[in-house]
Each structure stands twice: as structure tokens, then as C-alpha cells.
Amino acid sequence: MKKCGLVCWFLWSCLSVYAQSGVYENYRRSSLYSVMLNTGDKYCNEIEDVFTTLPVNDKFNNHDLSVKSIKDYDGSAKDKRGKIERFLVQSQLAKRIVAKWFNRDRVTGAFDMDLVAERGQYNASELDVKLAQSAVRGIALLEDAGEELIGNTFLLVNDIRYVDKEANAQVASLIFSAVKAVATELTNVSNEKIASVASLVDLASGTGKEVSDLIGGFRVTITSYLYRLEWTEAVASEFYEKYYYDSLSVDVHKKEAFDARTDLFKFEFIGKQRVTSDKLVLNGVRNNIQLIRKVLNRALDKSIVKLQHEHEVFRVKSAVYEIKDGEVTVQIGMKEGVDEKSRFEVLECYVGDKQRTTYKRVGIIRPVPGAIWDNRYMAVEEEAVGADFNYTRFKIESGSGFHIGMLVREIR
């Protein structure tokens with residue numbers, strides 16, 4: 001194994017450089033596909049309408065499919081995980097995730113390496129050639145891509161429930177009344193209920209403490225079930241040997257074989273987490289949809305943070321943004337659960353002779369008190385302290401020789 005120079009060639013090839021800012025952005029992220037359970041519970045349909053419009057957490061590559069909701073109308077907690085996993089098998093969701101990784105053509109069944117190359121910062125043509133040649137170097141490249149990318153594809157199934165408190169019932173009814181109108185693009189509809197909530201929000205942002213408490217008490221609980229795509233050496237080998245072909249060598253027999261295979265691709269259950277959304281701060285909230293989006297977005301981020309704390313395999317890496325005056329800055333913050341007790345390892349990339357990548361810890365950093373970025377959803381509109389920082393400043397606890405483009409990962 002050989003160490004690359006001050007900035008190893010791998011970092012230069014796998015991290016995109018923004019010319020004006022000099023900041024690395026496109027490091028190898030894990031991929032995330034997030035869906036919700038529709039239990040038929042109170043306001044579940046309205047929550048689903050908003051959920052489908054939420055952005056994917058920006059620390060992950062978006063690997064969403066067209067399915068964003070799983071029906072579970074009996075709503076009972078009994079055997080919830082079992083019901084989810086039976087749906088995953090019946091819908092062949094794991095196979096569809098693999099098909100998306102390789103841009104499978106719906107008509108011809110042909111695959112390509114474009115998305116794998118894009119997310120891993122490989123050369124797509126080189127991957128195609130090496131795959132065709134079955135060369136040792138090509139196998140190493142494919143194994144590296146599988147381990148770093150495909151094998152880090154996660155599915156998050158979210159059971160979202162509105163916390164139904166009697167005192168909040170009328171306010172909740174008003175809040176949800178606008179969702180269907182917006183979901184069907186009737187954004188200019190005149191509705192007294194919609195206007196009522198706008199008035200309540202205006203009052204709450206002023207002196208209406210009682211109203212503020214009612215709306216601020218709008219909460220949801222989310223039980224998130226985390227799965228990881230099983231992409232083992234055996235699975236990869238069978239896929240490449242028996243089913244993979246590109247548009248230049250369409251193979252009807254391989255197409256039919258892939259379509260017929262139902263048990264090759266699977267999910268591994270990682271764990272589950274239950275969270276309740278925090279009390280809502282109404283600053284910056286101007287309408288019903290913003291309110292629900294803010295509550296859902298922050299609760300989902302909170303769930304992801306807790307799952308990352310408990311499961312190392314789900315923890316994400318982020319790139320060093322800047323090094324200045326003996327401090328390291330990184331574009332992560334409260335959204336990622338950073339607080340004054342957090343500790344992060346700084347990782348340097350190494351590349352072996354066969355182009356397999358590994359990471360070596362070169363130091364540990366800790367957030368500077370009072371310098372943690374509040375990058376939670378709508379923090380700017382809320383005028384939250386730290387919302388304008390754009391990064392979190394870290395003091396160096398140990399190590400040296402850090403440089404822009406190195407990766408950081410939380411340690412517990």
C-alpha cells in the first residue's frame with residue numbers, strides 16, 4: 001500500500017473542486033431511500049402529501065424510487081417490522097434499488113456504469129472495459145465501488161404519527177386543511193380555514209402566547225426502521241456474471257433471467273429508532289405547509305442522527321472545508337447532531353496498488369463552544385443563533401498535517 005502525496009490522487013479524482021471556493025463537495029456519500037408507512041391513522045394522508053415533497057438529507061445521495069409510501073392500514077404496532085419486510089420481499093424493492101444503481105433500461109434490460117462512476121468519481125468507460133475483461137485491476141475497481149457505494153445504500157422506513165392532544169385538535173384540523181389543496185396544485189384556493197391558520201401564525205409570532213403554545217405544540221412521533229442493501233462479493237459476482245450486459249450487447253436470456261430472479265437481492269435490518277419532534281419555534285413560519293414541513297424535516301433529521309449514533313455503519317463522512325488559525329471548519333452542524341460534546345476523527349485516504357481505498361485516522365477534532373452552525377431546516381427563517389455561520393469550527397484535539405479535502409466522521 002502506498003501513501004499518496006500531500007493530497008492523494010484519489011482525493012483529487014473522487015472529490016469535485018468548486019473553482020471559486022476551492023471547497024470539496026462530492027466525496028463518496030452513502031445513498032439513502034426514504035419512505036413512510038401510511039397506517040390510515042389520523043391525518044396520515046395529509047402527512048404523506050407533505051412527506052413526499054421533503055428533500056433528501058444532503059449528506060446522502062438521493063436513491064429514492066417512485067414508491068414513497070407503504071400501505072399499512074391496520075395501523076397496529078404488532079409485528080410492524082415483519083409487515084415491512086414482507087412488503088420488501090413482495091415488491092422486490094432491493095432488486096429495484098440495484099436496477100437504479102446500474103441505470104437499467106426498462107425496455108432492453110441493459111445496464112450501464114454511469115451512476116456508479118458519477119458517485120464514486122470513477123471513469124465509466126474504464127469500469128466497462130475492466131468489467132468486460134474481468135481483469136484483476138477491473139475486479140478491484142468493481143469491488144471498491146461495491147464496498148464504498150452500492151454496499152452503503154440504506155432504506156429508511158418511517159412510521160409517522162401525529163401526536164393527538166385534545167387541546168390541539170382544532171388547530172391541527174386547521175393546519176392540515178390546506179395540505180390537499182396544495183398537493184393538488186390548488187395553491188390559490190380561497191379557504192377560511194387556511195386564512196385562519198395564517199392569522200394564528202401571525203398572532204403567535206407577536207404577543208399571542210396561548211396561540212403560540214397551541215401551534216408550537218403540534219408534534220409528531222417517528223419510528224424509523226433502518227435497512228442496508230446486502231451487496232456481498234457473492235451477490236456482486238453473480239450479478240456481473242449472469243445478468244449484467246450493456247446496450248451494445250443486449251442479451252434477451254440474461255434479461256429474462258434477471259426478471260425471473262426474486263431472491264438474490266435482500267436487505268439487512270440495522271435497527272430502529274423512535275423520536276418525538278421538538279417544540280416548534282414559529283419564527284419564519286408563514287403558512288400551513290411550511291409548518292408541517294418544518295416539523296417533519298427536523299424530526300426525520302433527529303431520527304437519522306440517533307440511528308447514526310447507535311450504528312457506526314450508518315455514520316456519514318464530511319469533507320474538511322477550511323483550515324485557519326489552528327482550527328478546522330466543516331460544513332456540518334446541529335442538523336447532524338453536533339454539540340459541544342461531539343468528537344470527530346479526521347481521515348486520510350490511502351490507495352493500494354490495486355486501487356482499493358482505505359482510510360487512516362490522522363487526528364481528532366472537537367467543536368468550538370459557541371461556534372456550532374445551526375443548519376437545521378428553516379433555521380435561517382427562524383433567525384436562530386448560528387444559522388448564518390455556514391460551517392462549524394473545530395479545535396484540534398490531536399494530530400497534525402490536516403488539509404482541505406480530508407474527511408471527518410463522528411466517533412462515540
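Here is a quick briefing on how this protein is put together.

The model is predicted, so the cut-offs matter: local features need pLDDT of at least 70, side-chain atom pairs count only at pLDDT 80 or more, and totals for chains, interfaces and linings use all residues. Residues are numbered from 1 along each chain as its sequence is written, and side-chain values use heavy atoms, with hydrogens and water left out.

The protein has 15 helices and 12 strands; helices (H or I, at least four residues) and strands (E, at least two) are DSSP runs, numbered from the N terminus. Of its 412 residues, 53% count as buried, where buried means under 20% relative accessible area, exposed over 50% and partly exposed in between, with a 1.4 Å probe and protein chains only. Among contacts with a separation of 6 or more, 75% come from residues 24 or more positions apart; a contact means heavy atoms within 4.5 Å.

**Strand β5 and its neighbours**

- On one side, β5 pairs with strand β4 (residues 153-162) in the antiparallel sense over 9 bridges; two strands pair if DSSP finds at least two bridges between them.
- To find your way along that pairing, look for F154 opposite R228 in β5.
- β5 also runs antiparallel to strand β6 (residues 267-276), again with 9 bridges joining them.
- In this second pairing, L229 stands opposite F267 in β6.

**The barrel**

- A closed barrel of 6 strands runs in the order β7-β8-β11-β10-β9-β12, with antiparallel pairing.
- From one strand to the next, the twist averages 50°.
- Within the barrel order, strand β9 (residues 343-351) and strand β12 (residues 407-411) run antiparallel and are joined by 5 bridges.
- L347 has L407 in β12 as its bridge partner.

- Helix α2 (residues 44-51) packs on helix α14 (residues 288-310) at an angle of about 75°, with the axes 10 Å apart; axes are lines fitted to C-alpha atoms, for helices over the stretch in contact, and angles run from 0 to 180 degrees between N-to-C directions.
- That makes α2 and α14 roughly perpendicular to each other (under 35 degrees counts as roughly parallel, over 145 as roughly antiparallel, 65 to 115 as roughly perpendicular and the rest as oblique).
- On the α2 side, I47, V50 and F51 make the contact, and they meet I292, R293, L296 and L300 in α14.
- By class, the residues of this α2 and α14 contact are 6 nonpolar, no polar and 1 charged (Ala, Val, Leu, Ile, Met, Phe, Trp, Tyr, Cys and Pro count as nonpolar, Asp, Glu, Lys and Arg as charged, and the others, Gly among them, as polar).

**Helix α12 against helix α13**

- The axes of α12 and helix α13 (residues 252-260) come within 9 Å and cross at roughly 140°.
- That angle makes α12 oblique to α13.
- F239, E241, K242 and Y243 in α12 meet K254, A257 and F258 in α13.
- This contact of α12 with α13 has 4 nonpolar, no polar and 3 charged residues.

**Aromatic pairs**

- Searching the whole structure turns up 26 aromatic pairs; rings of Phe, Tyr and Trp (its six-membered ring) pair if their centres lie within 6.5 Å, and planes under 30 degrees apart count as stacked, over 60 as edge-to-face and the rest as tilted.
- F102 and F239 form a tilted pair, because their ring centres are 4.8 Å apart and their planes sit at 40°.
- F102 is in the loop between α4 (93-101) and α5 (114-120) while F239 is in helix α12 (residues 233-243), so this pair ties together parts 137 residues apart in sequence.
- F102 is buried at a relative accessible area of 0%, and F239 also counts as buried at 0%.
- Y227 and F267 make an edge-to-face pair, 6.3 Å centre to centre with 65° between the planes.
- Y227 belongs to strand β5 and F267 to strand β6, so the pair ties together parts 40 residues apart in sequence.
- Y227 is buried at 1% relative accessible area, and F267 counts as buried at 16%.
- Ring pairs also link F102, F111, W231, F239, Y240, Y243, Y244, Y245, F258 and F265 into a cluster.
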